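Trainee: Before we discuss this model, could we put the sequence and the coordinates side by side?

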Amino acid sequence: MSETILMLGGSFFQLPPIRYAKAKGYHVIVCDANPDAPGRALGHEFHSVSTTDFDAVLALAKAKGVDGIIAFASDPAAPTAAFVAGRLGLAGNPLESVRILTNKDRYRSFLREHGFQTPPALRVSSAAEVGAAVSRIGTPCVVKPVDSSGSRGVTVLGQPEDAAAAFAKAIGFSRRKEALVEGFVKRKGYQIAGDGFVVDGKLAFRCFGQEHFDPAANPLVPVGESFPLLMPSDKQELIHREIQRLLDLTGICTGALNFDIFMGAGDEVYLMEVGPRNGGNRIAEITLMHTGVDMIRATVETALGHEPGDLGGGTPEGFFSTYMIHSNEEGKYKGLRIDDRIRGNLIEYTENIAPGGTVKRFDGSNCTLGTMLLRFTDAGEMLDRMGRMGEFVKVDVES
């Protein structure tokens, strides 16, 4: 009898582990509150269950006798996976450890308590509290949901009088209806993105890259990542050591990690986000092309109690990136125009919307219209093209 694995979420970015598990002959159950999730048709079974409902997911996992559970590319579902794994004796991380990393207020407090670089931060539960927090922290500052992901609901607040609107936006994406007000960190160079994998409490693999943004759309929501990270190896080792120290202190012992990291003006390491799950934006797929390390396989096999496979990989080669197709305006989707200057760099692209579909202004990863995987000849070409993707990829929208 084949082993059964429960996938928490069936969005486009969560399809790779479903495909892998099916190809390996595992029985795949997908649950998602969205009955029209793309993963519905791909898994062997689909259940319309919220991935953040501990009791409902546990009941489903018990009824189906699952052998493993995965929250791929989903911070909100990661605590659910840890809870169910703990209750059923499956592979996973301690629930308390996962909660520290996925609740932004607890995470900032933990970093501060243990001597990590972190901006000042205050949890707020009303517009009045936001105003008081802004007065203490100053502007610019960042207002974000305490328990969301995908950069949804985040505002860089420049004027105190905009605090109420920023709070309303944040709690619109918060299950707890709370927000975090934190100081704005002026980073040195690119924001650092990437994924890693933990085995027996050790960071056995990591792949860092540059995070890219589109200021014309939303300067806080990543539109892509490029690899490798163009930073001296000693600085990357410094980041690695800080991540390992975080793992040691939190007790995270297995599985994938997703990073958002800043380097300060004096090369201070700010571990802004370390999510206990794989990244979205097809990072695992582009990382496989770049390093030969298959984190999709590692995630599925580890969840089932198997060996993760080779995480050593060869020497990273080439220059690769992901790009999220998006629009700066709302309306009906008419089509996509790709400039000939970028076609030679394309490995593949997908459109997740049909003509006539509703287009939202890019304000979070949920507004992604499609994806691109690209290869470049050198670092200069990679950074130049990624900095000008708005010239090369046009979304036609009928207002």
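Predicted model: local features only at pLDDT ≥ 70, side-chain atom pairs only at ≥ 80, totals over all residues.

Mentor: Residues are numbered from 1 along each chain as its sequence is written, and side-chain values use heavy atoms, with hydrogens and water left out.

Trainee: Within what arc do the buried residues of helix H9 fall?

Mentor: Helices (H or I, at least four residues) and strands (E, at least two) are DSSP runs numbered from the N terminus, and H9 covers residues 283–291. Its buried residues (buried means under 20% relative accessible area, with a 1.4 Å probe and protein chains only) are Ile283, Ala284, Ile286, Thr287, His290 and Thr291. Taking the directions from the helix axis to the C-beta atoms, these buried residues line one face of H9, because they fall within an arc of 165 degrees.

Trainee: Is serine 327 buried or exposed?

Mentor: Serine 327 lies in the loop between strand E14 (319–325) and strand E15 (331–338), where its side chain reaches the backbone oxygen of glutamate 329 at 2.7 Å. Its contacts (heavy atoms within 4.5 Å) include Phe362, Leu369, Val395 and Val397, not counting residues up to four places away in sequence. Because its relative accessibility is 3%, serine 327 counts as buried.

Trainee: Which residue in E14 is the bridge partner of glycine 224?

Mentor: Strand E11 (residues 218–227) has 8 of its 10 residues buried, and two strands pair if DSSP finds at least two bridges between them. E11 is joined by 5 bridges to strand E10 (residues 202–214), the two running antiparallel as a hairpin with 3 residues between them. E11 is also joined to E14 by 4 bridges, again antiparallel, and in E14 the partner of glycine 224 is tyrosine 323.

Trainee: How many residues does the largest nonpolar core have?

Mentor: A nonpolar core is a set of buried Ala, Val, Leu, Ile, Met, Phe, Trp, Tyr and Cys residues joined through side-chain atoms within 4.5 Å. In the largest one, the residues with the most contacts inside it are Ile239, Ile243, Leu246, Leu257, Ile261 and Leu271. Among the elements that each supply at least two residues of this core are helix H8 (233–250), strand E12 (255–263) and strand E13 (269–275). A second, separate core has 25 residues, whereas the largest has 27.

How values were computed
Buried < 20%, exposed > 50% of the residue type's maximum accessible area, 1.4 Å probe, protein only. Polar contact = N/O pair within 3.5 Å; in protein donor to acceptor, adjacent residues only side chain to side chain.
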